Amino acid sequence: MNIFAISKHLRRRMRRWRRAIWTGLACFLVAIMAWKGLALSKQMEALMTSEPIVKETLGLLQDTKLQDEVTPDWLKDIQRSGQAKIVHLSKKYICGEETTVLGIMKPDEITSLLKEHPDWIGRIGNGGDVWLEEHVNALSTECERNGYFGIDRLGNLSLFDGSPKEEKVLKTFFQLDVETMESVLPQKEMEQIRKGIRVQDVEEFDSVLSTFSEFAVGATEGVITQTESK
């Protein structure tokens with residue numbers, strides 16, 4: 001047998017030894033998991049026929065530990081109690097908020113719902129109900145229907161439900177330097193912001209907010225300088 005044949009034969013034997021070691025170690029880890037009462041998942045079963053077994057098996061154990069670490073305490077309490085809860089969903093829009101009742105859900109149903117929506121934030125209310133919160137990059141139906149930007153009594157840029165004269169403030173953003181605005185903006189634009197600027201989508205919302213941010217208190221020095229240099 002020449003040197004190349006011997007080398008090839010030894011490599012085959014080494015591969016068999018490595019497979020035997022990996023398989024034995026994987027079985028040992030599985031036995032420990034079974035002893036602790038942990039269920040053998042389909043992913044673990046697949047690992048029994050894959051290579052390298054040890055690396056992927058340890059990765060699975062780390063994922064399980066990480067999943068347990070990121071489970072919020074309030075959800076762990078519900079899982080331990082085994083009791084069904086009334087679940088509310090509050091949608092927080094750029095402007096406005098809408099709340100609905102999703103129904104009575106069991107702990108495993110609540111857990112599955114949160115896995116489908118990992119960006120939702122949850123808590124248990126004072127009455128024991130579950131409150132979930134979703135942030136939506138859009139305007140609420142209420143804002144789309146009747147939202148107006150305007151100036152409130154204190155000189156803040158605010159979003160109103162209806163005309164600013166009705167004083168139904170939905171959200172306040174920042175203090176405006178009204179004096180600078182009156183000296184820089186045409187009278188027609190000042191009348192418009194005082195009467196209210198209608199917004200119906202996110203683009204209009206961002207545009208108005210960006211335009212008047214130049215007149216926020218503390219940010220008007222540049223506006224004055226530019227005006228004087230013209």
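Residues are numbered from 1 along each chain as its sequence is written, and side-chain values use heavy atoms, leaving out hydrogens and water. Since the model is predicted, local features need pLDDT of at least 70 and side-chain atom pairs count only at pLDDT 80 or more, while totals for chains, interfaces and linings use all residues.

Let's begin with helix α5, residues 107-116. Helices here are DSSP runs of H or I with at least four residues, strands are runs of E with at least two, and both are numbered from the N terminus. Which residues of α5 are buried? They are P107, I110, T111, L113 and L114. Buried means under 20% relative accessible area, exposed means over 50%, and partly exposed lies in between, with a 1.4 Å probe and protein chains only. Looking down the axis of α5, these buried residues fall within an arc of 160 degrees, so they line one face of the helix. That arc is taken from the directions from the helix axis to the C-beta atoms. On the other side of α5 you'll find D108, K115 and E116, which are exposed.

And what do the buried residues of α5 pack against? Their partners are α4 (73-81), β1 (85-95), β2 (97-105) and β4 (130-139), with contact meaning heavy atoms within 4.5 Å.

The structure holds one, joining C95 to C143 with S to S at 1.6 Å. This pair links distant parts of the chain, 48 residues apart: C95 sits in strand β1 and C143 in helix α6, residues 141-146. The link of C95 and C143 is left-handed, with -65 degrees about the S-S bond. C95 counts as buried, at 1% relative accessibility, and C143 counts as buried at 1% too.

Key. Disulfide = S-S within 2.5 Å.
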